[in-house]
Amino acid sequence: MEEVMCYMPQSLQEALTLMDEKDAIALAGGSDLMVSGANGTGVDPTFSRPVVIISNLKEMKGIRRLDNGWTEIGALTTSREIAESELVHPLVRSAAAGMGAVALRNSATIGGNIANASPKGDTPQPLILLDAEVVLKSVRGERRMKVDDFIISAKKTKLERGELITSILIPPQDFTHYYYRKIGMRRSNAISKLTLSAAATIKDGVLVDFRASSGAAGPKVIRSYSAESILKGKRIEELEGVKEEFLDAWNNAISPHAMPLYRRGATRRMLSYFIDTLISGAPEGRIQ
């Protein structure tokens with residue numbers, strides 16, 4: 001069996017040096033990477049490049065509120081830690097809480113979930129709605145970009161050689177209403193068949209902000225900024241008249257080959273339900 005070289009750095013700087021020198025693969029929780037390299041029961045996984053184990057790097061752990069109001073989540077923060085933190089937006093907490101079984105949530109990291117770039121990944125979907133950004137570091141310096149720009153398509157990102165996702169930054173939000181739904185074969189241990197987040201801000205009877213994002217619906221998370229613009233700025237009593245236009249625009253934003261009809265139908269019904277609750281004057285907070 002071919003030998004795999006593994007390294008366990010003791011600091012972020014050492015990890016970045018190894019990532020660059022060895023053109024290595026980073027491994028933290030391993031919930032995605034170990035599956036992709038699996039060779040069967042009792043057989044060691046194989047990897048095409050050396051592995052840098054980063055799970056012990058304290059610089060990439062924890063959740064904190066920054067002075068500018070943004071929330072910073074270390075890339076090695078687990079799904080369980082995110083689900084339990086009051087500092088994290090409820091949409092992201094809901095996604096993290098519904099990620100597989102307890103054992104998986106105790107090991108899976110938010111950085112790995114984003115880097116894996118699966119269309120069925122749980123946390124990228126609400127992060128894209130929230131305009132969250134990834135912080136990328138290497139021996140060459142630091143880059144920041146929106147999660148929506150970082151993920152190109154299924155399993156493809158803008159991560160460059162030697163780079164690590166070190167943290168995720170979420171800007172402050174003032175949504176008055178928000179909604180999250182995950183559809184799977186069962187309540188737990190389920191890979192998403194469809195996820196949807198939606199959020200709105202209503203001020204003085206006007207919908208000043210509206211966003212939606214859908215996961216497991218195509219090669220990457222779908223968010224249609226042009227469809228959102230149809231609703232933004234409308235008075236609540238005007239929403240009924242433009243709802244179908246919005247739903248059609250959302251449907252047209254989806255690739256014809258990306259979603260089976262049942263996913264299209266389910267997405268349309270969930271978005272319609274959220275808009276209807278806004279029209280009905282639902283109290284502020286999470287829409288059930």
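**View A. D23 follows helix 1 and has a positive phi, near 50°.** The model shown is predicted: local features need pLDDT of at least 70, side-chain atom pairs count only at pLDDT 80 or more, and totals for chains, interfaces and linings use all residues. Residues are numbered from 1 along each chain as its sequence is written, and side-chain values use heavy atoms, with hydrogens and water left out. Helices (H or I, at least four residues) and strands (E, at least two) are DSSP runs, numbered from the N terminus. Helix 1 spans residues 12–22, and its buried residues (under 20% relative accessible area; exposed is over 50%, partly exposed in between; 1.4 Å probe, protein chains only) are L12, A15, L16, L18 and M19. These residues lie on the same side of helix 1, because they cover an arc of only 165° around the axis. The arc is that of the directions from the helix axis to the C-beta atoms. An α-helix has 3.6 residues a turn, so residues three or four places apart point the same way. The cover over the buried residues of helix 1 includes strand 1, strand 2, strand 3, strand 6 and strand 10, where contact means heavy atoms within 4.5 Å.

**View B. Three strands form an open parallel sheet in the order 1-3-2.** Strand 1 (6–7) and strand 2 (25–27) are the edge strands, each pairing on one side only. Two strands pair if DSSP finds at least two bridges between them. Strand 1 and strand 3 (residues 51–53) are joined in the parallel sense over 2 bridges. In this pairing, C6 stands opposite V51 of strand 3. E3 belongs to the segment before strand 1. E3 counts as exposed because its relative accessibility is 66%. Although 47 residues separate E3 from P50 along the chain, their C-alpha atoms are 9.5 Å apart.

**View C. Strand 6 pairs antiparallel with strand 7 and with strand 10.** Of the 6 residues of strand 6 (residues 133–138), 5 are buried, so this strand is largely enclosed by the rest of the structure. A hairpin of 2 linking residues joins strand 6 to strand 7. Strand 7 covers residues 141–146, and its antiparallel pairing with strand 6 runs over 6 bridges. S138 stands opposite G141 of strand 7. Strand 10 (residues 164–170) is joined to strand 6 by 5 bridges. Here E133 faces L169 of strand 10 as its opposite residue. Strands of a sheet pair through backbone hydrogen bonds, either parallel or antiparallel.

**View D. The charged end of R144 sits over the ring of W70.** The distance from the charged end of R144 to the centre of the W70 ring is 5.5 Å. A charge counts as sitting over a ring if NZ of Lys or CZ of Arg is within 6 Å of the ring centre and within 35 degrees of the ring normal.

**View E. Four strands form an open sheet of mixed pairing in the order 13-12-11-14.** Strand 13 (206–215) and strand 14 (285–286) are its edge strands, and each pairs on one side only. Strand 11 (residues 177–183) pairs with strand 14 in the parallel sense over 2 bridges. H177 stands opposite G285 of strand 14. Helix 11 (residues 261–279) lies across strand 11, strand 12 (194–203) and strand 13, and runs at about 20° to strand 12. Axes are lines fitted to C-alpha atoms, for helices over the stretch in contact, and angles run from 0 to 180 degrees between N-to-C directions.

**View F. Y179, F210, F246, W250, Y273 and F274 form one aromatic cluster.** Rings of Phe, Tyr and Trp (its six-membered ring) pair if their centres lie within 6.5 Å; planes under 30 degrees apart count as stacked, over 60 as edge-to-face and the rest as tilted. The whole structure holds 5 aromatic pairs. F210 and F246 form an edge-to-face pair, because their ring centres are 5.3 Å apart and their planes lie at 80°. This pair links distant parts of the chain, with F210 in strand 13 and F246 in helix 10 (residues 239–253), 36 residues apart. F210 is buried, with a relative accessible area of 0%, and F246 is also buried at 0%. F210 and F274 form a tilted pair, 5.8 Å centre to centre with 45° between the planes. That pair, too, links distant parts of the chain: F210 is in strand 13 and F274 in helix 11, 64 residues apart. Both F210 and F274 are buried.
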